[in-house]
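Q: Could you walk me through reading the helices in this model?
A: Gladly; let's look at it together.

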Amino acid sequence: MSFAKILQVMGIILALNALYFGIAKDSMKTEIFLLFLGVMVFYVGRIFEKGK
């Protein structure tokens, strides 16, 4: 598995964790932060994938 794909999977997992924090923990601040972080990590993975 390439580094780009690993980053993309990590981004998706962070986004899923954001959903958990928003629903179960009722923490909007943490949800938005984790969602933003997940999107950025996923996007960096896409950039690395296109660079090949």
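Q: Which element do the buried residues of α2 pack against?
A: One word on the source: this is a predicted model, where local features need pLDDT of at least 70, side-chain atom pairs count only at pLDDT 80 or more, and totals for chains, interfaces and linings use all residues. Residues are numbered from 1 along each chain as its sequence is written, and side-chain values use heavy atoms, with hydrogens and water left out. Contact means heavy atoms within 4.5 Å. Here the buried residues of α2 pack against α1 (3–23), and those of α1 pack against α2.

Q: Which residues of α2 are buried?
A: Buried means under 20% relative accessible area and exposed over 50%, with partly exposed in between (1.4 Å probe, protein chains only). In α2 the buried residues are L34, G38, V41 and G45.

Q: And which residues are buried in α1?
A: They are A4, L7, Q8, G11, L14, A18 and G22. Viewed down the axis of α1, these fall within an arc of 120°, so they line one face of the helix; the arc is that of the directions from the helix axis to the C-beta atoms. On the other side of α1, L16 and I23 are exposed.

Q: Is K50 buried or exposed?
A: K50, found in helix α2, is exposed, with a relative accessible area of 65%.

Definitions and conventions
Helices (H or I, at least four residues) and strands (E, at least two) are DSSP runs, numbered from the N terminus.
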